[in-house]
Amino acid sequence: MTTAHPEAGPAVEAWTDDDDWTDETLALLRALRAPHRRNRAKSVGFAVYCVILILIIWGGVPSLGLFLQASMGADYTGHGGDLLAAMPAGITAAGLLTFLLLVRDGLWRGPVVPPRAAADWLLVHPVRPRPVLRPWFWLSCTVAAFPGLVAAVGGMVALGLTVRAGLPAALGWCLLGGLCVPLLATCAALVVERGDRAARWVRRLTPCLTLLIIALAGQSALAVAGHPVHWLELVEMWSGPWGWAAIAALAPTPAASAGSWVAAALLLASTGAALVLADRAASTVPLSRLRERARTAAGVLAALRTVELRSARLAVNSANGSARQRRVRLPAPRRAWLVVPWRDTLALLRSPARLGRAAALAVPALLCAVLAHGATGGLAWLATAVSLVFGYLAVAQFLEPARIETDDVRRASWSPYPFAALMLRHAIVPTLAGVLLGLACAGALLAAGAGPAAWLAPVAAPALVAAGLVNACRGVLRKDLMFSPAQGAGGGTGPLLFAAWYAAGPAVGVAALTPMFSSALRGGAIVPVGRAALMAVVVAVLLLRWAQARAAKMSKARPGSTP
């Protein structure tokens, strides 16, 4: 029987079974790579050992202690009602998030990602692709299922402590969702990897799915607060595999929903069918796509190994199509000082995804601020700090033009301003956009009955933008902070120093704003809010001066750059 090579074009003759050297080639490669495989197995085994040890120390031992306390009379069932109220919408949101993350991974990497050597050399020879590609698909399935397994064990512990569910039953029902959902999502990622049409749909639906996940998380929080919507939860749980997992997790509890066995059967049947079809389709990914993704994955891994997080993110965005821009035009400014704000505004309008991400990140910032308003002590400080971190991540979306300039200061040669002055001008549009976003958040809080503390949202924007500008101007990566012979084999405090340098701007900004903002959120009166606003202005000015000094140092450090 004649079998055509998957990449054979019109000018390439088909090769027959007599030309098939798959078994011999793979046997030779196994023999040649035996030492490397043994070393890699040792590395993987050590990594697995470390992960299991961390899970036992930070998860297993505390859980065992809680069960021992429960056997001696400690009662944790007071939290059972809140847990059961949060589970329907919360587990549905987690399932949808799992699907979104894995199908987005399929846009640039995918579950079938052989090494570059296999994609560039091995698969161009008369070798059947199935024996080469199939193991990589199942490896991706295993990696995806492991967090689900950990989550299922955690769910068993939580249900056993709070609702006194039987541990074997709780583990079995939680495993249904914990394993089936990531496996189904991996199969969906393979569809995205193989077809451009599926990839286009994923890009279009990503904003809607993100908003839906945030809405489900908010609904879960409202249910814990005593405002559940039972009919809506029922619709969500039967909407797909992400909801069937919630039905299965509720099965061993007093809040079990009718049709638990039906949901379990649907999960098992759909997962089994999807895995069978995906196993057959794993070898049909076009070779050109495999080459492209292997190169992208290798580049991202190299960037992560050297802690070049921005380079890794840019590589991923370029591969999955996120870097595409819309054609938007604005009238050219008539005054010279408006050129930089005009360029920054145009850049944001051509990248609407950044505006969407900023709005999405503002939601958890608001939720944490509401939590800080009703909390006391250390919890209030923690909730305020987390709220400020999400606020920083939101306004940082507007600073991409400044980050592009600092990637290579030679790009600023178009500007008549000194580089440090140019960086300050790049803060104008992000500050205005951050204040507008804060005003929208304040309006939502005021409509919900919040007091003067709602105005802290727009007040914090300038300081958070200045913190982002400090990070944008950090300059050449200081790997010497992480790796130094003087620190010894263990690295000493090198990683901590590197982390402090890498996130210096937001770390200082959040730390400086947290005390005043926490007090203002808890008090809600005009005087504490005014003090927090004054503190935010002072922090913004100091961080801008710091960013200016960093930018001036960058321009002097690179020869041939803009002075």
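Six residues, Phe-46, Tyr-49, Leu-53, Ile-54, Ile-57 and Trp-58, make up a nonpolar surface patch with about 710 Å² of accessible area together. This is a predicted model, where local features need pLDDT of at least 70 and side-chain atom pairs count only at pLDDT 80 or more, while totals for chains, interfaces and linings use all residues. Residues are numbered from 1 along each chain as its sequence is written, and side-chain values use heavy atoms, with hydrogens and water left out.

**The surface patch**

- A patch takes residues with over 30% relative accessible area and no salt bridge, joining like charges within 9 Å and nonpolar side chains (Val, Leu, Ile, Met, Phe, Trp, Tyr) within 5 Å.
- Accessible areas come from the Shrake-Rupley method with a 1.4 Å probe, and for residues only the protein chains shown count as cover.
- Phe-46 sits in helix H2, residues 34-71 (helices are DSSP runs of H or I with at least four residues, strands are E runs of at least two, numbered from the N terminus).
- Phe-46 counts as exposed because its relative accessibility is 53% (buried is under 20%, exposed over 50%, partly exposed in between, with a 1.4 Å probe and protein chains only).

**The second largest pocket**

- The second largest pocket has a volume of about 1,800 Å³, a volume being the space filled by probe spheres set on grid points joined across faces, edges and corners.
- A pocket is found on a 1 Å grid over the protein atoms alone, as an open set of points with protein on both sides within 12 Å along at least five of seven lines; a cavity is a set where a 1.4 Å probe fits but cannot get out, and lining residues have an atom within 4 Å of a point.
- Its lining has 44 residues, and those nearest the centre are Arg-40, Val-113, Pro-115, Trp-136 and Leu-139.
- Among the elements that give two or more residues to this lining are H2, helix H3 (80-108) and helix H6 (167-194).
- Helix H5 supplies the largest share of the lining, with ten residues.
- By type, the lining residues are 32 nonpolar, five polar and seven charged (Ala, Val, Leu, Ile, Met, Phe, Trp, Tyr, Cys and Pro count as nonpolar, Asp, Glu, Lys and Arg as charged, and the others, Gly among them, as polar).

**Salt bridges**

- The structure holds seven salt bridges, each a side-chain nitrogen of Lys or Arg within 4 Å of a carboxyl oxygen of Asp or Glu.
- Asp-196 and Arg-289 pair at 2.8 Å, N to O, linking distant parts of the chain, 93 residues apart, from helix H7 (residues 196-224) to helix H11.
- Asp-196 is partly exposed at 45% relative accessible area, whereas Arg-289 is buried at 16%.
- Arg-109 and Asp-105 meet at 3.1 Å, N to O; Arg-109 is partly exposed at 26% and Asp-105 is buried at 15%.
- Glu-400 and Arg-403 have their closest N and O atoms 3.2 Å apart, and they are separated by about one helical turn because they lie three residues apart in helix H16 (residues 400-407).

**Two residues to look at**

- Arg-164 has a positive phi of about 55° although it is not a glycine. Most residues other than glycine have a negative phi.
- Arg-164 lies in the loop between H5 and H6 and is exposed at 51%.
- Ala-394, in helix H15 (residues 377-395), is buried at 1% relative accessibility.
- Ala-394 and Ala-360 are 34 residues apart in sequence, yet 7.8 Å apart in space, C-alpha to C-alpha.
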